[in-house]
Amino acid sequence: MCGIVGYIGFRDAYPILVKGLHRLEYRGYDSAGIALMNEEKNLSVYKTKGRVNDLEEYVLDKDISGTIGIAHTRWATHGEPSNTNAHPHYSQTETLALIHNGIIENYAVLKAELQKKGYTFHSTTDTEVLVQFIEYIKQLHKCDLFSAVQIALGQVVGAYAIAVMEKGNPDQIIAARKSSPLVIGIGDGEYFIGSDASPIIEYTNKVIYLDDEEIAVIKRHEEPQIVTIGNVRKTPQIKELEMSLSELERGGYPHFMLKEIFEQPQSLTNCMSGRINVEGTNVTLSGIIDHKDKFLNARRIVIIACGTSWHAGIIGEYLFEELCRIPVVVEYASEFRYRNPVVYPDDVVIAISQSGETADSLAAIELARKSGAFVYGVCNVVGSSIPRNTDSGSYTHCGHEIGVASTKAFTAQVAVLTMMALTIAKEKKTIDDKKYTDTIKELQNIPGKISQILDLNEEIRQLSYIFTYAQNFIYLGRGYNYPIALEGALKLKEISYIHAEGYPAAEMKHGPIALIDNEMPIVIIATNDTIYEKVVSNIQEIKARNGRVIAIINEGDEVIKSMADHCIEIPATKECLDPLLSVIPLQLLAYHIAVNKNRDVDMPRNLAKSVTVE
Ligand code: AGP
């Protein structure tokens, strides 16, 4: 949430910062701003409500010279999106400029204290309080900027990634983090700062990930110094980025979301590569094998996640219970962290997250670890906070996901959970050899079958026109397809802003059936699984009330074809792998409806890609 980019070196900072903001815009996009220091050591802040393009227009007649600068694209927490609430924020004397990602929880107390001392505020943000507070500390202690940041952060409660510049000091940026990611890119005589690596990868693949409560002093001609808030000096650990620049481009597609939907055959192949042997007879996840006893002796598995990752978690529940016979509970991380849950030391907690930075999931992990449970991360972003705060884990390896609506990350999460369940089941001997190898072989067929479904893109686009102006949608599914109903509904509401509800199909008669009339589109996933007949009955119940049925069926299903208004035919697979196929047409349907409605598919209103605040 919110994008941070910074540069200090020998080149013009402005083009680097603006390009970086464009790359980070998926993280937040309600306002944007930049702070630059010119040769005369003057510090200028330019900011505006709107997108990065609006900022570029705004600075057309401004001095944008300088080889040091920081920039920000915002997702509002405190204070509406506006010119004044946009970052960077100046301190009282306009000698400091600061950008911030996160939430300062005790900002109101700090603000009241500062107001008593005569400080005035222009914005309603917590960020302006922080920069004013740093300046106040600096004046009070007559210390340098680093010490002022260190002392101030010691008194701050909350989450932050910050970068600060000081007028008259063109050789230094101070950066710090707590519970919000921050990466420093190391170039040749230049440094880059990013809230993730996307604005950096073009210039260098050498990075330092700051850890919680670390402050970096980034000086033009020196190696970055890293010191904690508690004044412990740290040796910077330089890591190599795995990301490639092409992942950050749309590659000819009109939207990242469509590109990412179409990448799924390849992203799933990558996800399985090196884990399933060529013959398709064995799957090994080293993160599990290295801690086999934890899984074999687990009293239960607790899955924690948010949003789409939570939907993947429900599929995980069905997989682990069916294949490994381990009891599973799936929890929203945001509920788990605050409801004083019972966690046993012999529980295995699985945290699922695309970004690896979701604040609620990180807090839930901390709680689980304090209770002594073994915590396993299923994560996409390499080097992000979740993999660094878990005991073991598996990366989903689906590549950088930029579209705010998660697609390829979801299928990769489901694939990893399937491979986890197979690995544990084999070790636990809860699966027979035939089922084990049949499932692995079919898992290998999934990328090819997804390609077949992607061939239906035009058919689904045509179908989308019929439903573009619907006010509401219901999505229904049972068994492994129930979480897909939830996911289909989430995709539609996120990007088209149409109200949509996902339900287990059989629950319909306990309430939602009252919503059905001849205007209500009902998407029902009705593949040929063990409860197929029951789903057929559900369709009949809907048709009896004149609902408009869009059914996702297996190829050649004449029974449902004769009942439903519209059918999308997908290849058959093993029941436990159904979600990997049935979700694809729902991603495409949501995408096309949103495009028909002229929505900003990759940056839908009010959302941001990684939710690093509560
Ligand atoms: C999915 O389309 C979402 N935008 C959102 O629900 C997301 O899945 C959720 O915020 C969790 O994110 P994470 O996987 O990065 O933890």
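Domain bounds here come from an automatic or database domain assignment. The model is predicted.

**Domains**

The assignment divides the chain into three parts, listed below by residue range.

| Domain | Residues |
|---|---|
| Domain 1 | 3-247 |
| Domain 2 | 250-455 |
| Domain 3 | 456-607 |

Taken over C-alpha atoms, the centres of domain 1 and domain 2 lie 34 Å apart. To their contact, domain 1 contributes 12 residues and domain 2 contributes 12 residues. The area buried between domain 1 and domain 2 is about 1,000 Å², with 48% of it on carbon and sulfur atoms. On the domain 1 side, the residues that lose the most area to domain 2 are Tyr26, Tyr209 and Glu247. Together these three account for 48% of what domain 1 buries there.

**Helices H3 and H4**

Two packed helices are described by the angle between their axes and the distance between the axes. Helix H3 spans residues 107-116, and helix H4 spans residues 126-141. The two pack at an angle of about 50°, and their axes are 9 Å apart. H3 is therefore oblique to H4. The crossing of H3 past H4 is left-handed.

From H3, the contact is made by Tyr107, Leu110, Lys111 and Leu114. From H4, the contact residues are Asp126, Val129, Gln132, Phe133 and Tyr136. By type, the residues of this H3 and H4 contact comprise 6 nonpolar, 1 polar and 2 charged.

How values were computed: Residues are numbered from 1 along each chain as its sequence is written. This is a predicted model: local features need pLDDT of at least 70, side-chain atom pairs count only at pLDDT 80 or more; totals for chains, interfaces and linings use all residues. Side-chain values use heavy atoms; hydrogens and water are left out. Axes are lines fitted to C-alpha atoms, for helices over the stretch in contact, and angles run from 0 to 180 degrees between N-to-C directions. Helices (H or I, at least four residues) and strands (E, at least two) are DSSP runs, numbered from the N terminus. Angles under 35 degrees count as roughly parallel, over 145 as roughly antiparallel, 65 to 115 as roughly perpendicular and the rest as oblique. A crossing is left-handed if the near helix is turned anticlockwise from the far one by less than a right angle, and right-handed if clockwise. Contact means heavy atoms within 4.5 Å. Ala, Val, Leu, Ile, Met, Phe, Trp, Tyr, Cys and Pro count as nonpolar, Asp, Glu, Lys and Arg as charged, and the others, Gly among them, as polar. Buried area is the accessible area (1.4 Å probe) that two parts lose on being put together, summed over both.
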